[in-house]
Amino acid sequence: MGKYSALSLLRGAFNGQSHWQPAWRDPEPKASYDVVIIGGGGHGLATAYYLAKVHGITNVAVIEKGYIGGGNVGRNTTIVRSNYRQEPLGRFFEFSLKLWEGLSDDLNYNVMFSPRGALTLGHSDADMIRLAEKGDAMAVQGIDAELLSRDQVMKLEPCLDFSRQARFPIEGAMIQRRGGTARHDAVAWGFARGADSHGVDIIQKCEVTGMVMDGNRVTGVETSRGRINAGMVAVCAAGHSGHVAAMAGLKLPVESQTLQAMVTEGVKPMVNTVVMTQSLHCYISQSDKGGIVFGGDPDNWPSYAQRGQPVTMEMAVQQGLALIPALSRLRMLRCWAGVTDMSFDGSPIISATPRDGLWINGGWCYGGFKATPGSGYLFADTLAKGRAHEIVEPFALDRFERGSAVDENGTGPFPNHR
């Protein structure tokens, strides 16, 4: 079998993979569907997949204005973790992390989930106290967390600057060993192929231009490829949630901002975990190709551009080089940005809306990628049963009106929400 596979790859190298079949269909839109999902990113595709597989709802269309993998699902730093202090967030992301652990088997597609550990550095006594408090809160929820001494961190990540002259001295860390990374494009392709195999229509190059309304009820969408009627419409449009919701006359408590990252040329293994810090605004990991991935803060002003600002990236790189000086010898290969929904409390919105038949899954701020399978599973359950799953009840849209914010740091997403 191995020989046959090698010969198949060799043959494909010479014939341009002309014998390969598309991983999913390219159907024309039907006149109507039971569910229309706006947004063909990770959350939209995962929702469609679980609607079909778990609930048997297959008359579903995923509408994507661009191409699969061209939005935020392909424009992130691939980090997966559930190390949150607040119980609603911890419970949600732990549910998602457990799905990540079996996702390749479930999809029969290798999403390259790598539980290499999510390491959060502490640079002061105050940092270490906060990490200990966070670890205790996680332990109460049954989520793994381990506090590490400076010596233990040194053994785990020897390339970090442990000198007492370091700009950011390292006093210790907290690690969630089950956290790590996954391959973002593989996640998009795996969910797309899985949804398609259950009969879901994935319609690319189809932009939503308006909502079809009957009184207070949304009954379909107007698109660049014609009107599509729907029993219900679900918005999974990442950084464009506010724009899409406005088509139904809604103003969401979100602001669209760009969140950027970069990757260096490939090198031999030198960063063993996902390195984050309690006080700084950069996070570092090494990709499966050997590139060092940097991420930082959002640009902190409204934008729909899929490109970032050099000043923001420079700040993240400066901090990263202070943590791992050896990275200064590497060349940047490329940089990119995604458009994110920054909610007012830094937590997602998974909810019905004031418009009958219209549901929202957005406001993910920094946390969209790692939430992908959990978000899709729980949103699908919510749509199928017409009421919020208990895990997503705290993330209702009306929580802002009720004063029930779910704010991990007590600061909202600006500027230091992680």
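Here is a short chat about a predicted model, taken one feature at a time.

Me: Let's start in the middle. Which residues touch the most other members of the largest nonpolar core?
Reply: That core has 49 residues. Elements giving two or more residues to it include β1 (32-38), α3 (87-101) and α7 (184-197). The members that touch the most others are Ile37, Phe92, Trp100 and Phe191.

Me: And which element gives the most to this core?
Reply: The elements with two or more residues in the core are β1, α2 (42-55), β2 (60-63), α3, α4 (103-107), α7, β11 (226-235) and α10 (372-385). With 7 residues, the one that gives the most is α2.

Me: Let's zoom in on Ile37. What does Ile37 touch, leaving out residues up to four places away in sequence?
Reply: Ile37 is one of the core residues that touch the most other members. Its contacts, with those sequence neighbours not counted, are Gly44, Thr47, Ala48, Leu51, Val60, Ala61, Val62, Ile63, Ala234 and Cys236.

Me: Back to α2 for a moment. How many of its residues are buried?
Reply: The helix has 14 residues and reaches 19 Å from its first C-alpha to its last, close to the 20 Å expected. Its buried residues include His43, Tyr49 and Tyr50. α2 is mostly covered, and the count of buried residues is 11 of 14.

Me: Which residue just after α2 takes a positive phi?
Reply: α2 covers residues 42-55. Just after it, a phi of about 70 degrees belongs to Gly56.

Me: Which elements do the buried residues of α10 pack against?
Reply: Pro373, Ala380 and Asp381 are among the buried residues of this helix. The buried residues of α10 pack against α2, α3, α7, β11, β17 (349-352) and β18 (358-362).

Me: Is Gly122 buried or exposed?
Reply: Gly122 lies in strand β4 (residues 118-122). Its contacts beyond four places in sequence include Met128, Leu131, Pro169 and Ile170. Its relative accessibility is 0%, so Gly122 counts as buried.

Me: How about Thr78, buried or exposed?
Reply: Thr78 is found in the loop between β2 and β3 (79-80). Its phi is near 65 degrees, a positive value in a residue other than glycine. The relative accessible area of Thr78 is 15%, and the cut-off for buried is under 20%, so Thr78 is buried.

Me: And Asn108, buried or exposed?
Reply: Asn108 is found in the loop between α4 and β4. Its phi is near 55 degrees, again a positive value in a residue other than glycine. Its relative accessible area is 63%, and the cut-off for exposed is over 50%, so Asn108 is exposed.

Me: Last one. What does Ile143 touch, not counting residues up to four places away in sequence?
Reply: The place of Ile143 is in the loop between α5 (125-140) and β5 (146-149). Ile143 is buried, with a relative accessible area of 4%. Its C-alpha and that of Phe14, 129 residues apart along the chain, are separated by 49 Å. The residues that Ile143 touches are Ser82, Gly90, Glu94, Met138 and Gln176.

Methods
Residues are numbered from 1 along each chain as its sequence is written. This is a predicted model: local features need pLDDT of at least 70, side-chain atom pairs count only at pLDDT 80 or more; totals for chains, interfaces and linings use all residues. Side-chain values use heavy atoms; hydrogens and water are left out. A nonpolar core is a set of buried Ala, Val, Leu, Ile, Met, Phe, Trp, Tyr and Cys residues joined through side-chain atoms within 4.5 Å. Buried means under 20% relative accessible area, exposed over 50%, partly exposed in between (1.4 Å probe, protein chains only). Helices (H or I, at least four residues) and strands (E, at least two) are DSSP runs, numbered from the N terminus. Contact means heavy atoms within 4.5 Å. The expected span of a helix is 1.5 Å times one less than its number of residues.
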